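Subject: Structure handover

Hello,

Please find the structure below. My notes on its side chains follow.

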Amino acid sequence: MREIEQRGLYYEEFEPDTRYLHRPGRTVTEADNVFFTTLTMNTQALHLDAAWSARQPFGERLVNSMFTLATIVGASVTQLTQGTIVANLGFSEVAFPHPLHHGDTLYSETVVLAKRLSASRPGQGIVTLEHAGRNQDGVVVATATRQVMVWCRDASPAGAVDDPAADADALDPGASAPDGIL
């Protein structure tokens, strides 16, 4: 029996001008917002104080924008970078054009903007991604451009074992997986 482990994309598999829709969406609760806000020591009343927030322009507490950013990036991991990322290199052009509210469902998508092989790290490439988060009405609530360094297929420490096109003999279910991960 063939076994295929969920993984992200190798450098060669990223195609510019391709949009990935990450599903399912994530309905954000009040508990999510309060927990994330306090966990990260963000004391902004706009996220925590319902009475104060009621007197502000939006009339209610808003979901912490860092939670929104972390969620749209996190939703992309299994589809794009799980096990194939070397490093997250940075973010640019982060924007929050519309607030996210308790009870909203956040849908994430990513467009591959560009890619290039690393000049200093053979076997690795840099991919530029544009992440976006939309609420249940399709309104964009967050965007961010992100650069990641990923493995090229032939240089990956995982080798071709997690490649669905690999020779079936290489997928020995009796072999022990690295670090006990199946």
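Met 66 is partly exposed, at a relative accessible area of 41%; the classes are buried under 20%, exposed over 50% and partly exposed in between, with a 1.4 Å probe and protein chains only. This is a predicted model, in which local features need pLDDT of at least 70 and side-chain atom pairs count only at pLDDT 80 or more, while totals for chains, interfaces and linings use all residues. Residues are numbered from 1 along each chain as its sequence is written, and side-chain values use heavy atoms, with hydrogens and water left out.

Met 66 belongs to helix H4. Helices (H or I, at least four residues) and strands (E, at least two) are DSSP runs numbered from the N terminus. At the start of H4, the backbone nitrogen of Met 66 has a side-chain oxygen of Asn 64 within 2.8 Å.

For Phe 67 the relative accessible area is 8%.

The structure holds 1 aromatic pair. The ring centres of Phe 36 and Phe 67 are 5.5 Å apart and the planes stand at 75°, so the pair is edge-to-face. Rings of Phe, Tyr and Trp (its six-membered ring) pair if their centres lie within 6.5 Å; planes under 30 degrees apart count as stacked, over 60 as edge-to-face and the rest as tilted. Phe 36 is in helix H1 (residues 30–39) and Phe 67 in helix H4 (residues 65–74), so that the pair links distant parts of the chain, 31 residues apart.

Now the charged side chains. There are 6 salt bridges in the structure, each a side-chain nitrogen of Lys or Arg within 4 Å of a carboxyl oxygen of Asp or Glu.

- Glu 13 bridges to Arg 153, with the closest N and O atoms 3.1 Å apart. Glu 13 lies in the segment before strand S1 (19–27) and Arg 153 in the segment after strand S5 (140–151), so the bridge ties together parts that are 140 residues apart in sequence. Glu 13 is partly exposed at 24% relative accessibility.
- Glu 109 bridges to Arg 19, the closest N and O atoms being 2.9 Å apart. Glu 109 is in strand S3 (residues 105–117) and Arg 19 in strand S1, so this bridge ties together parts 90 residues apart in sequence. Glu 109 counts as buried at 8% relative accessibility.
- Asp 32 bridges to Arg 26, with 2.7 Å between the closest N and O atoms. Asp 32 is buried at a relative accessible area of 17%, whereas Arg 26 is partly exposed at 34%.

His 22 sits in strand S1 and is buried, with a relative accessible area of 2%. Its side chain makes a polar contact with the side chain of Thr 110 at 2.7 Å. A polar contact is a pair of N or O atoms within 3.5 Å; within protein, one must be able to donate a hydrogen and the other to accept it, and residues adjacent in sequence count only if both atoms are side-chain atoms.

Regards
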